[in-house]
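Okay, let's get going. Have a look at the model on the screen, and I'll talk you through a few spots in it.

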Amino acid sequence: MGLDMKEFFKKYKHALLALYTPVYLAVFYVLEHTITTDFITLNSPVDNAIPFIPVFIIPYILWFVYVAGSAVYFIFASQRDFVKLMSFLIIGMTAYLIICAVFPNGLYNFRPGSLDMDNPFNRLVRWLYSTDTSTNVFPSIHVYNSIGVHVAINKSDKIKSRFIKKASLILCILICLSTIFLKQHALIDVIGGCVMGRIVYVLMYETKLSAFIDKKTWN
């Protein structure tokens with residue numbers, strides 16, 4: 001049994017990359033409680049004109065399952081895919097924390113003033129607003145991480161189903177749209193998440209680093 005456990009931890013030692021999550025959350029918590037009023041306002045008249053559509057709370061919340069579920073799957077399915085996915089997420093989330101610390105940013109007078117609590121989607125949105133402030137929004141991590149997860153799913157040799165890959169793309173797009181229609185992010189936040197995603201994609205999948213990971217990991 002001891003030998004089996006030793007082999008198990010040796011095979012899945014890459015799961016330790018997930019320990020970055022509490023580090024990220026701790027730093028994010030500090031930023032959320034220190035950057036509250038004095039920040040660069042990012043929303044524009046165009047953003048203010050975009051309608052609030054509460055039903056988009058569904059894909060917004062599904063983001064948590066999408067990211068966490070994919071990461072857990074790849075831990076056991078493919079060390080290579082997991083390492084690339086987590087490296088993608090870690091690079092982007094670290095860059096996000098640095099950007100927000102150096103250039104405090106947020107949205108001013110952007111969210112709807114009142115919500116009809118008879119609407120169940122509005123109740124979920126109110127919960128979201130109570131747990132996530134309208135500061136530290138650029139670039140959108142919801143957008144960036146969704147791109148990272150979809151790329152990992154689309155690139156994975158372990159996932160053969162075209163249905164799953166198409167469903168991933170649709171969910172990724174809906175999550176990106178949800179950040180706008182829930183008034184969680186401005187358009188520039190979404191664009192920033194996409195641009196950062198493209199840059200890190202090239203690093204993780206089209207450079208010598210990608211070839212190095214391929215050589216050192218099992219698939």
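When I say contact, I mean heavy atoms within 4.5 Å. Before we use that: this is a predicted model, so local features need pLDDT of at least 70 and side-chain atom pairs count only at pLDDT 80 or more, while totals for chains, interfaces and linings use all residues. Numbering runs from 1 along each chain as its sequence is written, and side-chain values use heavy atoms, with hydrogens and water left out.

Let's start with Asp81. It's found in helix α5, residues 79-102; helices here are DSSP runs of H or I, at least four residues, numbered from the N terminus. Setting aside neighbours within four places in sequence, Asp81 is in contact with Phe74, Ser156, Asp157, Lys158 and Asn219. And what about a salt bridge for Asp81? That would be a side-chain nitrogen of Lys or Arg within 4 Å of a carboxyl oxygen of Asp or Glu. Asp81 has none, although it is buried, and the nearest side chain of opposite charge, Lys84, is 6.3 Å away. Buried means under 20% relative accessible area, with a 1.4 Å probe and protein chains only. For charge, Lys and Arg count as positive, Asp and Glu as negative, and His and the chain ends aren't counted.

Next, Thr217, in the segment after α10 (208-216). Its relative accessible area is 13%, so Thr217 is buried. Beyond the neighbours within four places, Thr217 touches Gln79, Arg80 and Val83, in the contact sense. Thr217 and Val83 are 134 residues apart in sequence, yet 8.3 Å apart in space, C-alpha to C-alpha. There's also a polar atom of the Thr217 side chain 2.5 Å from the backbone oxygen of Ile213.

Now the core. A nonpolar core is a set of buried Ala, Val, Leu, Ile, Met, Phe, Trp, Tyr and Cys residues joined through side-chain atoms within 4.5 Å. The largest one has 54 residues, and Tyr24 and Phe88 have the most contacts inside it. α5 gives the largest share of this core, 11 residues. As for Tyr24, leaving out neighbours within four places, its contacts are Met93, Tyr96, Leu97 and Ile141. Apart from that core there's another, of five residues, including Leu107 and Phe110.

Last stop, α9. Its buried residues include Gly192, Gly193 and Gly197, and the buried set packs against α5, α7 (141-155), α8 (162-181) and α10.

Methods. Helices (H or I, at least four residues) and strands (E, at least two) are DSSP runs, numbered from the N terminus. Buried means under 20% relative accessible area, exposed over 50%, partly exposed in between (1.4 Å probe, protein chains only). A polar contact is a pair of N or O atoms within 3.5 Å; within protein, one must be able to donate a hydrogen and the other to accept it, and residues adjacent in sequence count only if both atoms are side-chain atoms.
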